[in-house]
Amino acid sequence: LGYRILDSSGNPTENYAGVHRSEFVYDEHNRMIAARGWDAQGQPLMVNGAWESTLEYNEDYLIESKTSRDTQGNPVEINGIAETVMYFDLQGNKIAEFYLDATGEPARDSEGVFLYRTVFDDHGFALERSVWEPDGSPGESSYGYHTEVFVYNDLGVYLRTEELDLNGDPI
């Protein structure tokens, strides 16, 4: 499945990102497993050195990992991250997310975080998200928080996020 971008005369053109043609690959369960693009000249469109994104799913059909790849299928790092790995609870809430480089070693996002863990209530509301190091010890983001606490009103409407350091003190 895919699409092509044409101008009003039917000639190949590109969108703001340089995409002329996109292709989406699906598995036998109708889950997208790859997305890739080409420019108007038919050349693979490289975004930050990556041509395609591949997705892997767990047994509950939830995305388990997303990997950026080159035209040869090799992992490619974008801002130091080649693969994002995610874990979900039985309700489909993302309870953990961590990052790997192209060699499979721990990587950090733009906030300097390797692993986020999120706690949800019985209604699926995120209560808090915390930062962890590759060795399992508590960590801090580059902004200085270890935990983000999500505050809701009595109707379940999100109000604000409170950031706490490793000692549990507000920052």
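Trainee: Why does Glu-162 count as partly exposed?

Mentor: Buried means under 20% relative accessible area, exposed over 50%, and partly exposed in between (1.4 Å probe, protein chains only). Glu-162 has 32% relative accessibility, so Glu-162 counts as partly exposed. This is a predicted model, in which local features need pLDDT of at least 70 and side-chain atom pairs count only at pLDDT 80 or more, while totals for chains, interfaces and linings use all residues. Residues are numbered from 1 along each chain as its sequence is written, and side-chain values use heavy atoms, with hydrogens and water left out.

Trainee: What makes Arg-160 and Glu-162 a salt bridge?

Mentor: The term requires a side-chain nitrogen of Lys or Arg within 4 Å of a carboxyl oxygen of Asp or Glu. The N to O distance for Arg-160 and Glu-162 is 3.1 Å, so the pair qualifies.

Trainee: Which residue forms a salt bridge with Glu-23?

Mentor: Arg-36, with the closest N and O atoms 2.4 Å apart. Glu-23 and Arg-36 are 13 residues apart and link distant parts of the chain. Glu-52 joins both in a network of salt bridges.

Trainee: What is Ala-107 called, buried or exposed?

Mentor: Its relative accessible area is 6%, so Ala-107 is buried. Leaving aside neighbours within four places in sequence, Ala-107 is in contact (heavy atoms within 4.5 Å) with residues including Gly-80, Tyr-99 and Phe-114.

How values were computed: Helices (H or I, at least four residues) and strands (E, at least two) are DSSP runs, numbered from the N terminus.
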